[in-house]
Amino acid sequence: MILEKVKALVERRRLLTAGDRVVVACSGGPDSLALVHLLHRLQPAYGFDMVVAHVDHMLRGAESAREAEFVRAFCRRLGLDCQVAAIDVPGVLAERGGSTQEVARTLRYAFLRRVADSLGGAKIATGHHRDDQAETVLINFLRGAGPGGLRGMQPAAGGIIRPLLSVTRQEIEDYCAAEGLTPCLDSSNLHTDYLRNRVRLELLPLLAREYNPAIGENLARLAEIMADQYDFLKQCAADVYTRVADETEGRLALDSAALAALPTALRREVLRLAIEKKRGSLTGISFWHVEKLLEMALDGKVGSLFTLPGGLSFVRTYDGLATVDRAGSARAAVGIAPPGRALVVPGVTEVPELNLAVAAALHDEIPAATGRLTAVFDWQALSPPLVVRTRVAGDRFWPAGMQGSKKLKEFFIDAKVPRSERDRVPLICDQDGILWVAGYRQSARGRPDSATRRVLELTLIRQEEITC
Ligand SMILES: Nc1ncnc2c1ncn2[C@@H]1O[C@H](COP(=O)(O)OP(=O)(O)OP(=O)(O)O)[C@@H](O)[C@H]1O
């Protein structure tokens with residue numbers, strides 16, 4: 001029965017195929033003894049190679065050394081290779097501190113990965129079972145996990161396979177008894193932390209006794225359902241990602257309108273994906289961080305800034321969000337980040353960051369054209385205050401004379417503005433966006449026409465002209 005269950009999971013999740021190499025992690029407890037024994041039985045049918053690996057954490061003196069010897073002898077009887085490492089966990093703890101379980105666990109997995117690597121990228125098999133899964137889901141739930149945490153452990157993830165994940169602790173114990181396997185019982189409890197112990201010994205029995213005897217099964221099923229839904233959502237997020245996000249020159253821009261068009265679950269996942277791509281991982285990113293960014297993308301004030309743990313910052317642009325990474329802030333230091341410097345109208349605003357000044361004058365009629373450094377606007381069609389700033393990722397505008405809006409980056413490319421200059425081009429904006437890429441092109445928006453009664457004339461004055 002247990003063998004059938006293991007086979008079913010192996011096949012359903014394609015855990016093992018012919019030619020695979022597997023490092024079976026064996027503590028000497030019932031779960032891992034059953035795992036070694038069962039995989040050994042499956043080996044001929046599936047055609048994989050297996051090696052057993054055991055870690056003596058040196059935490060219980062002679063007893064743990066005996067355990068290592070026990071695992072060796074067990075493997076010898078089955079004709080299996082066994083690699084044992086004695087790892088000085090107490091020594092590492094004395095030197096670096098930390099929790100015993102965490103340190104033991106990190107060193108244990110490091111050893112298992114070394115063995116797997118030495119076999120040319122073998123899979124690591126562990127003896128996690130259905131009751132471990134139920135505990136994990138419940139613990140994650142208590143800690144406030146979202147769909148990712150409610151998936152519990154995966155049958156196959158990160159180079160680790162868990163062939164016993166659909167088998168209960170009781171079934172494993174029955175199997176050990178039936179096959180005459182005599183586990184070292186201590187080892188199985190060695191790593192159990194305080195919370196897990198309480199969930200195992202108090203909470204789950206209470207829930208089973210007083211609420212639902214099928215709680216373990218239900219939690220394990222929830223994990224499977226959540227895992228499938230999570231995968232689906234991730235796939236959807238990856239599919240729509242390029243509709244929302246645009247990364248160029250190391251800066252990531254997210255488009256608010258495209259984000260708003262998605263269902264909420266997908267908005268969150270797209271944001272998580274963007275953060276993961278930019279930061280390399282989601283460690284330390286909570287539900288709250290994602291919500292905060294989402295709120296900023298949908299309703300935030302232009303120029304507002306939010307920094308995630310680890311230092312990645314997002315600024316609210318006119319169209320959405322843009323990252324301000326280290327390179328970006330270096331650039332912003334030579335330019336002017338949103339919200340920008342307010343223009344005095346009428347009057348002269350000095351802009352020392354760009355070595356220039358902007359002169360603003362109001363007229364009753366359109367003055368004669370005076371060249372590239374001057375632009376005129378219908379003052380009553382604008383949304384003051386006007387500001388001057390430099391570009392951020394995601395900037396768009398509608399160049400006068402063209403059919404529609406365009407990414408500023410593309411405009412710069414088409415207008416052959418050298419890359420080194422782009423962060424120093426003054427952008428004159430009102431609260432609805434860019435009005436003038438000063439010195440290059442005015443926006444189609446805000447231009448005066450025959451109905452205009454008040455005309456704003458802006459003139460760029462280069463620093464040399466101010467000083468001489
Ligand atoms: N000393 C050990 N040597 C080799 N493998 C081990 C050892 N201890 C545990 N394992 C492997 O890890 C599996 C899980 O063990 P356990 O539940 O005790 O670990 P844990 O500390 O909870 O950490 P995790 O569950 O993340 O592995 C076991 O079934 C076994 O495959």
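**View 1. Domain 2 and domain 3, with C-alpha centres 27 Å apart.** This is a predicted model, and the chain is split into domain 1 (2–226), domain 2 (249–334) and domain 3 (341–467). Where domain 2 meets domain 3, 13 residues of domain 2 are in contact with 8 residues of domain 3. On the domain 2 side, the elements giving two or more residues are strand 8 (251–255), strand 11 (320–324) and helix 15 (326–334). Strand 8 puts in the largest share, with 4 residues. Sorted by class, that side of domain 2 comes out as 6 nonpolar, 3 polar and 4 charged residues.

**View 2. Helix 11 crossing helix 13.** For a packed pair of helices, the two things to quote are the angle between the axes and the distance between them. Here the axes of helix 11 (residues 215–244) and helix 13 (residues 264–279) come within 9 Å and cross at roughly 75°. An angle from 65 to 115 degrees counts as roughly perpendicular, so that is the label for helix 11 against helix 13. From helix 11, the residues taking part are Leu233, Lys234, Cys236, Ala237, Ala238, Val240, Tyr241 and Val244. They meet Ala265, Leu266, Glu269, Val270 and Leu273 in helix 13. By class, this helix–helix contact has 11 nonpolar and 2 charged residues, with no polar ones.

**View 3. Alanine 220 in helix 11.** Is this alanine buried or exposed? Alanine 220 has 21 C-beta neighbours inside 10 Å, and the cut-off for buried is 20 or more, so alanine 220 counts as buried. Skip the neighbours within four places in sequence, and alanine 220 is in contact with Arg130, Gln133 and Ala134.

**View 4. Stepping back to the whole chain, with its 18 helices and 22 strands.** The radius of gyration is 32 Å, whereas the globule rule gives 23 Å for 468 residues, so the chain is more spread out than a compact globule. Along the principal axes, the C-alpha trace spans about 100 × 45 × 40 Å. Buried residues make up 34% of the 468 in the chain. As for contacts with a separation of 6 or more, 69% of them are between residues 24 or more positions apart.

Conventions
Residues are numbered from 1 along each chain as its sequence is written. This is a predicted model: local features need pLDDT of at least 70, side-chain atom pairs count only at pLDDT 80 or more; totals for chains, interfaces and linings use all residues. Domain bounds come from an automatic or database domain assignment. Two residues are in contact if their C-beta atoms, placed from the backbone, lie within 7 Å. Ala, Val, Leu, Ile, Met, Phe, Trp, Tyr, Cys and Pro count as nonpolar, Asp, Glu, Lys and Arg as charged, and the others, Gly among them, as polar. Axes are lines fitted to C-alpha atoms, for helices over the stretch in contact, and angles run from 0 to 180 degrees between N-to-C directions. Angles under 35 degrees count as roughly parallel, over 145 as roughly antiparallel, 65 to 115 as roughly perpendicular and the rest as oblique. The radius of gyration is taken over C-alpha atoms; the globule rule is 2.2 Å times the number of residues to the power 0.38. A residue is buried if 20 or more other C-beta atoms lie within 10 Å of its own, exposed if 12 or fewer, and partly exposed in between; C-beta atoms are placed from the backbone.
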